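Welcome, and thanks for taking a look at this one. Here is a short briefing to read alongside the structure, arranged by topic.

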Amino acid sequence: MPDPKSVRRIRKAQISVYLDPAVMKSLADYAARREQPQSMIAEAAIASFLSPDADERREAIVTKRLDQIDRRMTRLERDVGIAVESLAVFIKFWLGTTPALPEPAAHAARAKAGERYDQFVTALGRRLAKGLKLRQEISEDVKPVNDE
């Protein structure tokens, strides 16, 4: 076993690095939270950046983020599909149940339409403020029915 006095301690090389003030603040804050010297954290960060598996780690992070974006896009596509189908069902129902009005009644109906539209917008605003979404009320487990 080597004598402890004969074992030399390897002296580390010193470098000077210029850091952006925001990066320096982040480094100082991180070092304070971890109760570690800033030089040790900087050394570990540089070693990590230069390590052969750094590219794989970055690729894994990018892949994870892309997967999250893909899931969000899938939900967005579903939500838009629900909105389009809801509108189509409403229009089909409305056209099938609303008879054409004679001209004097049509004029009165157009006058009333603005008031009814304002009521609709108010009701929509209340629903959106409540946070309840149509997609939360619709089950994803419903099997398609070919009744058209």
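**Surface patches and salt bridges**

A patch of positive charge on the surface brings together Lys-64, Arg-65, Arg-71, Arg-72 and Arg-75. Please keep in mind that this is a predicted model. There is also a nonpolar surface patch of about 790 Å², and the structure holds 7 salt bridges. The points below take these topics in turn.

**The positive patch**

- Arg-71, one of the residues gathered in the positive patch, has its place in helix H3, which covers residues 54–97.

**The nonpolar patch**

- Ile-15, Val-17, Leu-19, Val-23, Met-24, Ile-46, Phe-49 and Leu-50 make up the nonpolar surface patch of about 790 Å².
- Two helices, H1 (21–34) and H2 (38–50), each supply at least two residues of this patch.
- Which helix gives the most to the nonpolar patch? That is H2, with 3 residues.
- Ile-46, one of the patch members, is located in helix H2.
- The relative accessible area of Ile-46 is 45%, so this residue is partly exposed.

**Helix H1 and a pair of positions across the chain**

- Ala-28 sits in helix H1.
- Ala-28 and Ile-41 are 13 residues apart along the chain, and their C-alpha atoms are separated by 9.6 Å.

**The loop between H2 and H3**

- Ser-51 is placed in the loop that lies between H2 and H3.
- A polar atom of the Ser-51 side chain lies 3.0 Å from the backbone oxygen of Ser-48.
- The Ser-51 side chain also makes a polar contact with the side chain of Asp-53, at 2.6 Å.

**Salt bridges**

Side chains of opposite charge can pair when their charged atoms come close.

- Lys-25 and Asp-29 form a salt bridge, and their closest N and O atoms are 3.0 Å apart.
- How accessible are the two partners, exposed or partly exposed? Lys-25 is exposed, at a relative accessible area of 51%, while Asp-29 is partly exposed, at 34% relative accessibility.
- In helix H3, Asp-55 and Arg-58 are 3 residues apart, about one turn of the helix.
- Asp-55 and Arg-58 form a salt bridge with the closest N and O atoms 2.7 Å apart.
- Arg-58 is partly exposed, its relative accessible area being 38%.
- In helix H4 (residues 103–130), Glu-115 and Lys-112 are 3 residues apart, so the separation between them is about one helical turn.
- The closest N and O atoms of the salt bridge between Glu-115 and Lys-112 are 3.0 Å apart.
- Glu-115 counts as partly exposed, with 41% relative accessibility, and Lys-112 counts as partly exposed too, with 40%.

Definitions and conventions:
Residues numbered from 1 in each chain as written. Predicted model: local features only at pLDDT ≥ 70, side-chain atom pairs only at ≥ 80, totals over all residues. Heavy atoms only, no water. Patch = residues over 30% accessible without salt bridge, like charges linked within 9 Å, V, L, I, M, F, W, Y side chains within 5 Å. Areas by Shrake-Rupley, 256 points an atom, 1.4 Å probe, with all protein chains shown as cover. Salt bridge = Lys/Arg side-chain N within 4 Å of Asp/Glu carboxyl O. Lys, Arg positive; Asp, Glu negative; His and termini not counted. Charge placed at Lys NZ, Arg CZ, Asp CG, Glu CD. Helix = DSSP H or I, 4+ residues; strand = E, 2+ residues; numbered from the N terminus. Buried < 20%, exposed > 50% of the residue type's maximum accessible area, 1.4 Å probe, protein only. Polar contact = N/O pair within 3.5 Å; in protein donor to acceptor, adjacent residues only side chain to side chain.
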